[in-house]
Amino acid sequence: VDLLDFMIEDERISVVKVYASWCITCKKFDVRYRKIANQFGDKYDERTGQISEMGSARFAEMQYDNPDNKEICDVMGVTEFPYILVFKGSKGKVDGFQCMPQKSQELVNKIRGYLAEDDDIIEQETKQQSSNDGGEVKFGKYDGKLWDQNAKKDVYNQWNPSQPRSTLNFNPFETFNGNSCDASGMYPGDPYYKEPFRGNVDYTTYLEEQANANERAAN
């Protein structure tokens with residue numbers, strides 16, 4: 001994995017396992033790491049190899065004794081193996097620790113903790129938006145309308161990530177705990193969440209959505 005690109009290409013929690021080819025413990029930990037990645041990470045279509053469902057976190061791995069990786073690993077403070085690096089988009093590195101196989105639950109707990117923080121941020125921003133609107137939530141542009149790929153693209157193109165998140169300014173493709181948002185940026189469990197009208201999604205539309213998701217991830 002190109003660590004620098006991986007760090008900044010997505011605002012979701014990003015987890016990187018650093019291992020060494022000679023590390024026996026790393027091989028033992030690998031099975032647990034893959035299970036965790038399957039629990040929280042993106043799901044892939046076995047036939048196409050493309051993302052079929054975006055997860056709440058992203059996962060990758062990097063080999064320490066690869067000459068291309070050693071310098072960046074040293075800069076990141078990797079001294080023991082297997083080692084876990086955690087990144088949060090524009091915030092960069094937010095955590096780093098050795099994770100032995102018997103302590104894999106510690107990684108699960110940390111991921112859940114960061115996801116809970118994200119949920120709290122969304123809740124606070126929603127409450128702030130409600131307060132700014134005099135206690136009334138101003139719903140999104142496509143509230144009550146067809147919430148399809150074209151509508152999401154429109155909202156995405158108008159999204160300004162440098163401004164506070166609101167029901168009128170959000171990334172419609174961002175997910176939390178594996179859930180997609182509604183036409184106002186609300187997630188299931190939020191008191192103002194509205195089940196969006198998605199229309200019929202045929203296989204051609206599905207492939208187009210996946211291609212667009214991969215293009216956004218690549219950029």
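**Close-up views of a predicted model**

**View 1. Lys17 and its surroundings.** Lys17 lies over the face of Tyr19, at 5.1 Å from the ring centre, where a charge counts as sitting over a ring if NZ of Lys or CZ of Arg is within 6 Å of the ring centre and within 35 degrees of the ring normal. This is a predicted model, in which local features need pLDDT of at least 70 and side-chain atom pairs count only at pLDDT 80 or more, while totals for chains, interfaces and linings use all residues. Residues are numbered from 1 along each chain as its sequence is written, and side-chain values use heavy atoms, with hydrogens and water left out. Lys17 belongs to strand E1 (residues 13–19); helices (H or I, at least four residues) and strands (E, at least two) are DSSP runs, numbered from the N terminus. Because its relative accessibility is 2%, Lys17 counts as buried, a term that means under 20% relative accessible area (1.4 Å probe, protein chains only), with exposed being over 50% and partly exposed in between. Apart from neighbours within four places in sequence, Lys17 has contacts (heavy atoms within 4.5 Å) with residues including Phe29, Asp30, Tyr33, Tyr83 and Ile84.

**View 2. Lys194 and Phe139.** In a second case of a charge over a ring, Lys194 lies over the face of Phe139, at 3.8 Å from the ring centre.

**View 3. The rings around Trp147.** Rings of Phe, Tyr and Trp (its six-membered ring) pair if their centres lie within 6.5 Å, and planes under 30 degrees apart count as stacked, over 60 as edge-to-face and the rest as tilted; by this rule there are nine aromatic pairs. The rings of Tyr142 and Trp147 have centres 6.2 Å apart and planes at 45 degrees, so this pair is tilted, and both residues are buried. Trp147 also pairs with Phe170, again in a tilted arrangement, with 6.4 Å from centre to centre and 45 degrees between the planes. This second pair links distant parts of the chain, 23 residues apart, since Trp147 is in the loop between helix H4 (104–132) and helix H5 (149–158), and Phe170 in the loop between H5 and strand E7 (175–176). Like Trp147, Phe170 is buried.

**View 4. Phe81, its ring cluster and a cis peptide bond.** Ring pairs join Phe81 with Trp22 and Tyr64 in a cluster. A cis peptide bond, with omega about -10 degrees, connects Phe81 to Pro82, although most peptide bonds are trans. Pro82 is found in the loop between helix H3 (67–75) and strand E5 (83–88).
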